[in-house]
Amino acid sequence: MAVDKRKARITAMMTGKRNSDANHLYGRNIRWGERAIHSSLWLCAALSIMTTVVIVIILGKESIGFFETVALSDFLLGTQWTPLFEPAAYGVLPIVWGTLLITFGAAVIAIPIGLASAIYLSEYASVTTRSIVKPILELLAGIPTVVYGYFALTFVTPALRAVLPELQVFNALSGAIVVGIMILPMIVTLSDNALKAVPDILRQGAYALGATSYEVTTKVVVPAGFSGILASFLLAISRAIGETMAVTLAAGATPNLSLSFFESIQTMTAYIVQVSLGDTPAGGIAYQTLFAVATLLFLITLTLNVASQWVLKKYNEVYD
Amino acid sequence: MTRRAINNQAGMGASNPLNLQPGAQWADCLSRRHRKAAVFSRVCFAVTWMAAALLGLLFYQVSSDGLRWLDWQFLSSFPSRFPERAGIKSAVVGTLYLIGLVIVIAIPIGVGAGLYLQEFATKNRLSRLVELNIANLAGVPSIVYGIIGLAIFVRGFGLERSLISGALTMSLLIMPMIIVVSREAIKTVPLSTRHAALALGATRWQTTWSHVLPTAFPGILTGIILALSRAIGETAPLIMIGALTYVAFLPEGPMDSFTALPIQIYNWVSRPQEEFHQLAAGAIIVLLGLLLLMNATAIFIRYRAETRL
């Protein structure tokens with residue numbers, strides 16, 4: 001017996017079989033502690049997958065319940081959103097429109113400013129300036145969104161109303177401005193990284209051909225780093241769509257299909273907050289609207305995030 | 001050649017400069033290009049500092065509103081209908097409890113998952129899926145986590161609107177962040193460290209526990225602190241799971257209802273009276289102070305780790 005075992009061991013050694021597990025090879029006891037740790041770490045990683053599965057299951061289950069009562073086409077194409085009063089109407093367009101309005105306004109503010117700042121930091125600023133300004137902008141990113149809501153209500157809106165008296169107390173404009181400020185650091189940081197990754201040799205080549213700094217930046221560096229810049233825009237837009245507290249506080253709670261930035265609107269996120277502040281019984285149709293809206297929100301942001309990863313991968317310029 | 005044609009070519013100057021004949025027009029054109037470059041760089045400069053000045057404006061607005069409310073009475077009183085008697089005691093205590101629970105729940109799981117993915121997992125389709133999954137989880141809006149928390153912890157597990165529901169929801173929210181930062185930190189540990197340990201006969205876990213983790217520790221800790229400071233400021237998920245906005249007692253166990261600083265701020269900001277806005281500003285100062293303290297700690301840890309290497 002012993003000889004057989006030894007033979008097997010030697011064969012294993014010679015052929016390199018089972019070399020993935022040294023303990024078998026030398027015939028010692030399996031280290032159960034090691035195994036247990038390995039499995040528990042695996043469990044931790046599996047939890048992250050489970051989170052996604054749970055998110056999808058819960059959103060899906062409650063949404064299906066909702067769509068048993070309300071037709072999908074009524075939900076997606078209806079222009080009346082009054083799920084909390086009689087007569088109840090479940091057309092999601094007004095709150096989607098509110099979200100789009102805020103996001104559009106925020107993007108119009110944050111994209112030019114963010115790109116210009118990123119260009120300044122990566123192309124013009126000295127090392128010292130960069131090391132001062134970048135942390136300041138990152139601090140802006142770390143400020144809680146409820147603080148931006150406070151800022152919108154107590155500073156931005158009064159300041160705007162001094163100039164534009166017809167502005168309502170709750171309005172899309174000041175919501176869009178603070179959301180713009182909020183997504184700005186994201187655009188700056190990510191675009192700056194993308195621009196920094198463009199090799200210096202491209203700049204030097206362009207300068208050597210007689211280009212000015214403006215031409216080098218706009219015709220060489222920005223096109224070269226474009227995938228990263230575009231990805232940062234998409235991520236920032238996705239963030240603006242999911243932003244909750246600032247728009248709830250600043251833009252109000254009036255589902256509104258208006259084109260005007262001066263009126264109160266309601267975003268998808270603000271609606272979710274509004275419902276959860278009231279005492280909505282579980283299982284009711286109002287409770288289910290939460291999940292239908294959240295599913296829509298989840299799908300939109302997921303699409304944008306995946307698109308941004310795809311852009312990064314697809315249009316990534318590799319310099320070697 | 002018309003002036004316009006020359007200008008067009010000047011625009012492409014870098015690609016075909018030889019077509020430009022030296023002369024008065026050319027010099028004119030060149031100086032225009034330089035002017036354009038100068039204007040552009042100044043615009044970028046101004047815009048950047050404007051954006052940075054926003055932070056100053058924000059701080060100014062908060063402190064001019066809130067500083068005068070900030071005293072011991074404000075810190076040690078419960079919320080009240082009367083602004084002069086209101087305070088943030090229950091909110092501060094609630095936030096501290098919440099963070100304590102999140103630390104206990106999220107850090108072991110998050111760091112564990114990071115360790116598994118970076119040290120143990122074989123690179124295959126599954127691990128790529130996990131990676132993609134984590135990147136996308138980090139992009140899910142916080143309010144969606146709030147809804148999930150409401151459905152699972154509050155309703156599903158019957159934990160009610162308690163501290164533990166809030167902590168579990170927050171843990172879900174910051175877990176992807178912790179996993180990502182742990183992996184980044186573990187990645188920086190040189191392979192030779194592992195080889196040395198393995199060559200001396202250490203098992204994989206012994207190598208991980210006594211060599212990889214200690215080396216990666218400052219990086220992990222920095223990332224964790226940043227993730228926690230995100231958790232401290234999050235409002236929407238807590239509103240979703242129904243953290244009470246009026247709590248005149250301190251929670252005694254994880255099953256008690258609670259309030260937290262951002263919730264209290266939201267509550268005060270959403271009231272119409274001016275005094276409550278100022279109270280909110282006072283609470284914001286406390287919240288920002290807490291965040292600043294955490295960030296400073298993170299920077300300090302990173303600095304010490306860098307100087308030791």
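Buried area is the accessible area that two parts lose on being put together, summed over both. The exercises below use this term on a predicted model.

**Exercise 1.** How much area do chain A and chain B bury between them, and what share of it lies on carbon and sulfur atoms?

Solution.
Step 1. Chain A and chain B bury about 6700 Å² between them.
Step 2. Carbon and sulfur atoms carry 78% of this area.
Step 3. On the side of chain A, the residues that lose the most area to chain B are A:L41, A:Y150 and A:Y214, which together account for 10% of what that side buries.

**Exercise 2.** Which residues form the salt bridge between chain A and chain B?

Solution.
Step 1. The count between the two chains is 1 salt bridge.
Step 2. Its partners are B:R33 and A:E215, with their closest N and O atoms 2.7 Å apart.
Step 3. A salt bridge requires such atoms to be within 4 Å, so the pair qualifies.
Step 4. The side of chain A that touches chain B divides into 49 nonpolar, 23 polar and 5 charged residues.

**Exercise 3.** How are helices α11 and α14 of chain A oriented to each other?

Solution.
Step 1. Helix α11 (residues 226-242) and helix α14 (residues 285-314) of chain A pack at an angle of about 170 degrees, and their axes are 8 Å apart.
Step 2. Angles over 145 degrees count as roughly antiparallel, and therefore α11(A) and α14(A) are roughly antiparallel to each other.
Step 3. Residues of α11(A), including A:L230, A:L234 and A:I237, meet residues of α14(A), including A:L297, A:L304 and A:V311.
Step 4. By class, this contact has 12 nonpolar, 7 polar and no charged residues.

Notes: Residues numbered from 1 in each chain as written. Chains lettered and ligands numbered in written order. Predicted model: local features only at pLDDT ≥ 70, side-chain atom pairs only at ≥ 80, totals over all residues. Heavy atoms only, no water. Axes fitted to C-alpha atoms, helices over the stretch in contact; angles between N-to-C directions. Helix = DSSP H or I, 4+ residues; strand = E, 2+ residues; numbered from the N terminus. Parallel < 35°, antiparallel > 145°, perpendicular 65-115°, else oblique. Contact = heavy atoms within 4.5 Å. Nonpolar A, V, L, I, M, F, W, Y, C, P; charged D, E, K, R; others polar. Buried area = accessible area lost by both parts, 1.4 Å probe. Salt bridge = Lys/Arg side-chain N within 4 Å of Asp/Glu carboxyl O.
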